[in-house]
Amino acid sequence: MIDLERLAQAQQAIVDAGETLYRAGQVPATGGNFSLRLDESHMAVTASGCHKGRLTPADILVTDLEAIPLEPHRKPSAEALLHGRLYADRPRTGAVLHTHSKAATLLSLIEPGKTLWLSGYELLKALEGVASHDERVAIPIFDNTQDMRALADQVGERLAHEASVAYLIRGHGLYTWATDMKACLRQVEALDFLFDCELFLRR
Ligand SMILES: [Zn+2]
């Protein structure tokens, strides 16, 4: 059974995150999607197609980690399966945010390799598990596709061997995950700042 109090808290936290991220230019034109873990096998995730800066609790629904909605008539975000796989593969992950910022979109197009390397930035310490600006942080990059199952499989296979707190989809956006929403929002903000710095350095 879903804990209804926990669900209500998750819905409000996702509504609040949407407002914050929309104001910061992270999710223009209905882009992006957000989720929170509810228990071992369920998540609260944004519904398909809604404007992320003007969410209401009713726009956030419950699915299992294969993105099958609890209420069959509801339709989760097309990319909900990518969220579900992150929870399924990482028991400590409590929140996942997917954003479509300008910096993430451009940088993922400019970087020709399969990994964006970040190092030397003090702000790297805003990422969970990073203790020093000296660490080399790898952000895997995947080519964009509309086949979410294929992408989820690719991501799962690669992340099983590479420690990371985020990945990029080329020309599309960022996925980042953390133990809770507060840390996840901090990571979105930090990564976008770092992507901006990288874009500037590569000009
Ligand atoms: Zn997207």
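How much of the chain over residues 12-199 is helix, and how much is strand? Here are some notes to read alongside the model, which is a predicted one.

1. Over residues 12-199 the chain is 33% helix and 22% strand.

2. Now to the helix pairs. Two packed helices are described by the angle between their axes and the distance between the axes. For helix α1 (residues 4-23) and helix α5 (residues 181-201), the axes come within 11 Å and cross at roughly 15°. The two helices are therefore roughly parallel to each other, and their crossing is right-handed. On the α1 side the contact is made by Ala-13, Ile-14, Ala-17 and Leu-21, and on the α5 side by Met-181, Leu-185 and Val-188. By class, the contact of α1 with α5 has seven nonpolar residues, no polar and no charged ones.

3. Helix α5 also packs against helix α3 (residues 102-110), with an angle of about 45° and axes 9 Å apart. That makes α3 and α5 oblique to each other, and α3 passes α5 in a left-handed crossing. From α3, Ala-103, Ala-104, Leu-106, Leu-107 and Ile-110 meet Asp-192, Phe-195, Asp-196, Glu-198 and Leu-199 of α5. The residues of this contact divide into seven nonpolar, no polar and three charged.

4. A further pair is helix α2 (residues 80-89) with helix α4 (residues 148-159), packed at an angle of about 30° with axes 9 Å apart. An angle under 35 degrees counts as roughly parallel, so α2 is roughly parallel to α4. Their crossing is right-handed. The contact residues are Leu-81, Leu-82, Arg-85, Leu-86 and Asp-89 of α2, together with Met-148, Arg-149, Leu-151, Ala-152, Asp-153, Gly-156 and Leu-159 of α4. This contact has seven nonpolar, one polar and four charged residues.

5. Which residue does Arg-149 form a salt bridge with? The partner is Glu-66, and the closest N and O atoms are 3.1 Å apart. Arg-149 lies in helix α4 while Glu-66 sits in the loop between β3 (60-64) and α2, so the pair ties together parts that are 83 residues apart in sequence. Side chains of opposite charge can pair when their charged atoms come close. In total, the structure holds nine salt bridges.

Notes. Residues are numbered from 1 along each chain as its sequence is written. This is a predicted model: local features need pLDDT of at least 70, side-chain atom pairs count only at pLDDT 80 or more; totals for chains, interfaces and linings use all residues. Side-chain values use heavy atoms; hydrogens and water are left out. Helices (H or I, at least four residues) and strands (E, at least two) are DSSP runs, numbered from the N terminus. Axes are lines fitted to C-alpha atoms, for helices over the stretch in contact, and angles run from 0 to 180 degrees between N-to-C directions. Angles under 35 degrees count as roughly parallel, over 145 as roughly antiparallel, 65 to 115 as roughly perpendicular and the rest as oblique. A crossing is left-handed if the near helix is turned anticlockwise from the far one by less than a right angle, and right-handed if clockwise. Contact means heavy atoms within 4.5 Å. Ala, Val, Leu, Ile, Met, Phe, Trp, Tyr, Cys and Pro count as nonpolar, Asp, Glu, Lys and Arg as charged, and the others, Gly among them, as polar. A salt bridge is a side-chain nitrogen of Lys or Arg within 4 Å of a carboxyl oxygen of Asp or Glu.
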